[in-house]
Amino acid sequence: MDLVDAFPPLGLRIEAGPLVLRGVTDELIPALSELAMSGIHDPAFMPFCFPWTDAPAEKLRTDLAQYHWGNRARWSEAAWNLELAVEYDGALVGTQGFGTRDYVSTLTGETGSWLALKHQGRGIGTQMRQAICAFLFDYADAAEVTSAAFTDNPNSLAVSRKVGYRPDGDIRVKRRDALAISRRLVLMPEAFVRGEPITVTGAAAFRTFIGLDS
């Protein structure tokens, strides 16, 4: 038995031009750790609600591995978090995720991602989001896709605008022990601004695994 047979998200592959999203296998985790340690954002700013990038390098390496192993261990039809490694022109550049609860009933969930600092400013973040949203709408029956970003994170908010999300309210949250405003965003299929057409491998097994198909 191949591990993909036991855990189909590892066999998911979404191709969109030079962009590839694929399951985070154990072989990819060390490279993702090195990429994260190369820098994701200015240390003076925190774009994430949970400040995982504040960890020292050695702890960050362990934390990232445990995060991906934990996603597999906790996965159930009631709650799951899909994390995909992102490659661009063959180079590993970051990850693109989608988390949800009761997906078969709600058909909604939230995207999240990170892109190494050295690969930012090239439009890759927009293409990543377009690829995952196209997959969710076209292959996973999503009714909507949500996202969120702090109001002082213009780059993330700009990606959302380009892809067709609309604002859906602000909430007050704690970030590094201080107040921050997080803006919720929602994308409907009819508003989706598509990028490159996608080709998907492993969609049928993934649909069965999450309970969409028997």
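Asp-102 sits in the loop between β4 and α4 (103-106) of this predicted model; helices (H or I, at least four residues) and strands (E, at least two) are DSSP runs, numbered from the N terminus. The phi of Asp-102 is positive, near 50°, in a residue other than glycine. Asp-102 is partly exposed, at a relative accessible area of 44%. Here buried means under 20% relative accessible area, exposed over 50%, and partly exposed in between (1.4 Å probe, protein chains only). Asp-177 also has a positive phi, near 65°. Asp-177 lies in the loop between β7 (166-175) and β8 (178-187). Its relative accessible area is 70%, and Asp-177 is exposed. Most residues other than glycine have a negative phi.

Residues are numbered from 1 along each chain as its sequence is written. Local features need pLDDT of at least 70, side-chain atom pairs count only at pLDDT 80 or more, and totals for chains, interfaces and linings use all residues, while side-chain values use heavy atoms, with hydrogens and water left out.

The largest nonpolar core holds 43 residues. Such a core is a set of buried Ala, Val, Leu, Ile, Met, Phe, Trp, Tyr and Cys residues joined through side-chain atoms within 4.5 Å. Ile-14, Leu-82, Ile-132 and Phe-135 touch the most other members. Helix α5 (residues 124-139) supplies the largest share of this core, nine residues. Beyond its neighbours within four places in sequence, Phe-135 is in contact (heavy atoms within 4.5 Å) with Leu-12, Ile-14, Leu-82, Ala-140, Ile-198, Val-200, Ala-203 and Phe-206. Another core, of 17 residues, lies apart from the largest one; Leu-28, Leu-32, Ala-55 and Trp-114 are among its members.

Helix α2 (residues 29-37) buries Ile-29, Leu-32, Ser-33, Leu-35 and Ala-36. Seen down the axis, these residues fall within an arc of 165°, so they line one face of α2. The arc is that of the directions from the helix axis to the C-beta atoms. The buried residues of α2 pack against α3 (57-74), β4 (91-101) and β5 (110-115). Gly-39 follows α2 and has a positive phi, near 120°.

Gly-39 also lines the second largest pocket, where Ala-36, Gly-39, Ile-40, His-41 and Thr-53 lie nearest the centre among 13 lining residues. On a 1 Å grid over the protein atoms alone, a pocket is an open set of points where a 1.4 Å probe fits, with protein on both sides within 12 Å along at least five of seven lines; lining residues have an atom within 4 Å of a point. Helices α2 and α3 are the elements that give two or more residues to this lining.
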